[in-house]
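The tour below goes from one selection to the next.

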Amino acid sequence: MSATAAGASPAERVAEKPEATTRRRRPSGVAVGVALIAVLVLVRIFVAEPFRIPSESMEPTLKPGDQALVVKRAGHTPRRGELVAFHSPRGGEILLKRVVAVAGDTVGLEDGVLVVNGRQVDEPFVNHTAIDSVYFGPVRVKPGTFFAMGDNRANSEDSRDFGAIRQSSIIGRAVARVWPPSRWGTTG
């Protein structure tokens, strides 16, 4: 043992030891792949997921086969005009429709034209000639619910058929069309 080492304090002896080389381990490809899949699954469960449009009920805004990105938000309060995905009151099925009236509103159709709280609503995306002579309501939307309709009013199963939807049934809000790429953009 050297003279300096024998009379040195423990802290000084540690300082004399040669530096240990620390090797940083790189994660394996499998570990990175598993982590990426886990993140994607968590995003799909809690944040957002694509929703495939199964029918013509949202034409012309969304066509069958289009996919809309649905951003999930627990406790979301719907607003008139937005597209929301929700669990059908008839069970099992997930639907995507346009919110046309919210709690406290009075809603109806007069000669195919949407009327909310006594005022006609301008809806350029609806083919009014396909639904002229159609009357519905008016009905009052109860607290904690909303009224939704497809844009293709002549071919849509919606709140006119099954009534207002509980807000707790909402999965999320559609924010963009993600498929097909030729139609990328917002959903309206």
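**Stop one: a glutamate in a loop**

Select Glu82, which counts as buried because its relative accessibility is 8%, under the 20% limit. The model is a predicted one. Glu82 lies in the loop that runs between strand S2 (67–72) and strand S3 (83–87). Its side chain reaches the backbone nitrogen of Arg79 at 3.0 Å. Now show what surrounds Glu82: leaving aside neighbours within four places in sequence, the residues in contact with Glu82 are His76, Thr77, Lys97, Arg98, Val99 and Arg173.

From that set, move to Arg98. The charged end of Arg98 sits over the ring of Phe125, 4.0 Å from the ring centre.

**Stop two: the cores**

Next select Phe51, Ile53, Met58, Leu62, Ala68, Val70, Leu83, Ala85, Leu96, Ile171 and Ala174, the 11 residues of the largest nonpolar core. S2, S3 and strand S11 (170–179) each supply at least two residues of this core. Another core, of 10 residues, lies apart from it and includes Phe86, Leu95, Ala148 and Phe162.

**Stop three: aromatic pairs**

The whole structure holds two aromatic pairs. In the edge-to-face one, Phe86 and Phe146 are 5.8 Å apart centre to centre, with 85 degrees between the planes. Phe86 is in strand S3 and Phe146 in strand S9 (residues 145–149), 60 residues apart. Phe86 is buried at 0% relative accessible area, and Phe146 is buried at 0% relative accessibility.

Finish with Phe136 and Phe147, whose ring centres are 5.7 Å apart and whose planes stand at 40 degrees, so this pair is tilted. Phe136 belongs to strand S8 (residues 136–140) and Phe147 to strand S9. Phe147 counts as buried, at 3% relative accessibility.

Methods:
Residues are numbered from 1 along each chain as its sequence is written. This is a predicted model: local features need pLDDT of at least 70, side-chain atom pairs count only at pLDDT 80 or more; totals for chains, interfaces and linings use all residues. Side-chain values use heavy atoms; hydrogens and water are left out. Helices (H or I, at least four residues) and strands (E, at least two) are DSSP runs, numbered from the N terminus. Buried means under 20% relative accessible area, exposed over 50%, partly exposed in between (1.4 Å probe, protein chains only). A polar contact is a pair of N or O atoms within 3.5 Å; within protein, one must be able to donate a hydrogen and the other to accept it, and residues adjacent in sequence count only if both atoms are side-chain atoms. Contact means heavy atoms within 4.5 Å. A nonpolar core is a set of buried Ala, Val, Leu, Ile, Met, Phe, Trp, Tyr and Cys residues joined through side-chain atoms within 4.5 Å. Rings of Phe, Tyr and Trp (its six-membered ring) pair if their centres lie within 6.5 Å; planes under 30 degrees apart count as stacked, over 60 as edge-to-face and the rest as tilted. A charge sits over a ring if NZ of Lys or CZ of Arg is within 6 Å of the ring centre and within 35 degrees of the ring normal.
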